[in-house]
Amino acid sequence: MRLRHILLILSLLTILSASTGGYLYYSALREAAFKEAARQAETRVELLKKNLSAALSVNIRPVEAMAGIDTLLEVLVRPGAESLNEANATLDLFKRALDVDVCYVMNHTGTTVASSNREAPDSFVGKNFAFRPYFRQAFHSAPATYLALGTTSGKRGAYYSFPIFEKGEDLPIGLAVIKASIAQIENEMGLSENEMVLVTDPQGVIFITNRGEWLYRSIHPLQPEEKARILKSRQFGYGPWNWIRIDFSGDRYAVDREGLRYQMHRRAIPNYPGWSIIYLKSLQEISRSVSGPLIRITGPIVVALCILVGIAVFLLYGKASGEINKRRAVEQALRESDERYRSLYHNTPAMLHSIDQDGRLVSVSDYWTEAMGYDRQEVIGRMLTNFFTDASRRYATETVFPEFFRAGFCKEVPYQFVRKNGQIIDVLLSAIGVRDENGHIVRSLAVSIDVTERKRAEEALKKAKEELSRYSKTLERQVRERTREISSILRYTPDMVYIKDLQGRYRLINTRYEELLGMRNEDVRGKTDFDLFPREVAEAFQRNDQRVVRGNCSLQAEERFPHSGGERILLSVKFPFYEETGETVGVGGISTDITALKKAQNQLRRLSGSIIVNQEKERAAIARELHDELGQVLTALRMDAVWLAERLKNSDPAASERALTICFLIDKNIEDIRGMAIRLRPGVLDDLGLVDALEWFTTDFEKRTGIACVFEQENEAPDLDETVATTTYRITQEALTNVARHADAANAVVTIRSEQGRLLLTVTDDGRGFSLSDLPESEGLGVAGMRERAALIGGRLRVDSSPGKGTRVELTVPLYPGVRS
């Protein structure tokens, strides 16, 4: 009984050990399978991303080429049956050549004027697609790509658009569009039924997938406002874009509503912001791929183990039968070992061969024959050196072979093999000798590693290092030169140059700044404006710095700099400093001393003001002289002419008629002189104020020029001093004079109102407009004069105009102290 117990315990321990080992082996194999699946999935999703990116970019160049064809431009510029037929022929040619769904042309309003599907029931001709982003983006002179569901065809497509320009014009008059089939792109991606692939837009809507039931559904629940935004864009039809019930919130895994977990790999699609490709692999499938083969492999092993346990127990009862079974087991193990050796020999991805004492090949691996391009029967029995280059053959026979048969091994010997097709490959050969019972080497076992690509890579790396070394030296020289140039600029420029960090601490000031500040760069570094200047000055500097940081853009401003020789006025240009990541790390500035310029400007402004005031006085004096002196003389002459006409009426009718003609001419001169006097200095401006003067002037302007002129007073204007009223009147007079001379307008509008302590005057017309940059110098003097008048009363004048869109002149004048224009 005791022997039976011992055998039973040994059997149980054997089974337990085998079970434990099997479980540990299964766990390790399962973890390795998960890692391998993840690696394969990473490779697969990268391949899918590249295929998708390549498929989506294939029509970018063709649509640009199509937009440059004259027949498409002709149908937009001169539409007609002939130009339309030629355009349709061109579109048909591109559709056939590119194998796409549709090629079409849209005019500047977004309406399709020509299309390759013009004969189809879902023809695009006459349809307006101005709501599509590819139209709006391309019509602002930028090519565009867009993925969406067709509103007319109901088919998914990738849209490629490019603007069409008329010769010599900058604004597009239409655009060319290519629509490629998404179904064709899916076929080119090579999706299989055993994988789950999703392509989603920034909202999470699935647009491309090999699971048809997931198409146009979302990867997360959409909020009502998100659905409304998608519905408004009409990019993916009319909904409802339901959730597919899979949680994608994790970084590496996704979980469906049944609790099944999936490996998840997500990649962004280049050139399509927010779009991504998602690859899913079921963990259950991965586990099943491990457990199935494991059961098939370990099942026989477990059975064999049980048999061995039974045999072991039986051996304890019968030594003789045990020895026989043991010998059979050893023989089977030797056969299996020999089979494993042969399998390893022929399937190892390396060139294996054996030679005898004479150097003849006795065996070669399958990989050896494949790499060399020979069949096995062509090489067995031939000298190994027959497959070497001449140099390698001499090196082998003279050096390597004698040393190998003496020492019994060699390691990483460089050879060059000649393949059957004549191609030379570089290898590193390592070998060991197989000895007989007397210790003599009878054959070798050699491994040759193909290092052709590695040698090419090493040579390329060597050349790259040499090129990098030359480039590095050139770069260092350029850096030294640029450093020397920048240092010279900082040292000798008459402007103040400085750099601050985001806390306002100085990091650098140049020589000119040191001179004005009376401190060295080392003493200023790390200090703020509050450490160097009075508080109000430092706060002004700080405000401008913060405007640069908040706006992330450059700023030009006038700043006041305290100095022992008197306060300086600086024109400062400030700009943000960036890191390589694009993050703002500080503020730089260049300040130019414009104190003398400002003084000269103030003197010139005072002189101009004095000239304009004196000019107004002269105008008033001349107006009075014309009205009082010349007007009275003409009135007296008229009275004499009337008397003379009555006197000669009976005695000399012809002379009486001539006297009446003189009377008529005198009346006309009186009217002209009265108009000249009013235009020089209208009495209504002095007697009734600016509003009545402008109303009279616009009425007179319409009468004199025939241009319809409307005066509008939007609210009650406050009392104005004489200078402001006169300047406002003169600017209106000059603006309307320009309308009459240059605008070729039919209508003009003068508007005046008061708002937030400011007086606002606008003069607009519907004339031909002009470009301010192309304004001739002689005509630009009028605009400069209006700006000068506005500046003298503390106001600001702005002129907006462009060719074909009329002109708008706007004057803003502060009415009270402290109000900015």
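Predicted model: local features only at pLDDT ≥ 70, side-chain atom pairs only at ≥ 80, totals over all residues.
R808 is partly exposed, with a relative accessible area of 33%; partly exposed here lies between buried, under 20% relative accessible area, and exposed, over 50%, with a 1.4 Å probe and protein chains only. The side chain of R808 meets that of E810 in a salt bridge, at 3.0 Å from N to O. By a salt bridge I mean a side-chain nitrogen of Lys or Arg within 4 Å of a carboxyl oxygen of Asp or Glu. E810, at 13% relative accessibility, counts as buried.

Residues are numbered from 1 along each chain as its sequence is written, and side-chain values use heavy atoms, with hydrogens and water left out.

To continue with charge pairs, the count comes to 33 salt bridges. R798 pairs with D800, their closest N and O atoms being 3.3 Å apart. R798 is partly exposed because its relative accessibility is 38%, and D800, at 35%, is likewise partly exposed.

Which residue forms a salt bridge with R454? The partner is E458, with the closest N and O atoms 3.9 Å apart. R454 and E458 stand four residues apart in helix α13, so about one helical turn separates them. Helices (H or I, at least four residues) and strands (E, at least two) are DSSP runs numbered from the N terminus.

Helix α13, residues 452-492, also holds Y471. Y471 counts as exposed because its relative accessibility is 51%. Together with L468, L475 and V479, Y471 makes a nonpolar surface patch of about 400 Å². Such a patch consists of residues with over 30% relative accessible area and no salt bridge, with nonpolar side chains (Val, Leu, Ile, Met, Phe, Trp, Tyr) joined within 5 Å and like charges within 9 Å. The areas come from the Shrake-Rupley method with a 1.4 Å probe, and for residues only the protein chains shown count as cover.

How many cavities of 30 Å³ or more does the structure hold? There are three. On a 1 Å grid over the protein atoms alone, a cavity is a set of points where a 1.4 Å probe fits but cannot get out; a pocket is an open set with protein on both sides within 12 Å along at least five of seven lines, and lining residues have an atom within 4 Å of a point. Grid points are joined across faces, edges and corners, and a volume is the space filled by probe spheres set on the points.

The largest cavity contains about 100 Å³ of space. Helix α12 gives the most to its lining, with three residues. The second largest cavity has a volume of about 50 Å³.

Finally, the largest pocket holds about 530 Å³. Of its 26 lining residues, P133, T145, Y146, Q235 and W275 lie nearest the centre. Elements that each supply at least two lining residues include α5 (133-138) and β3 (144-149).
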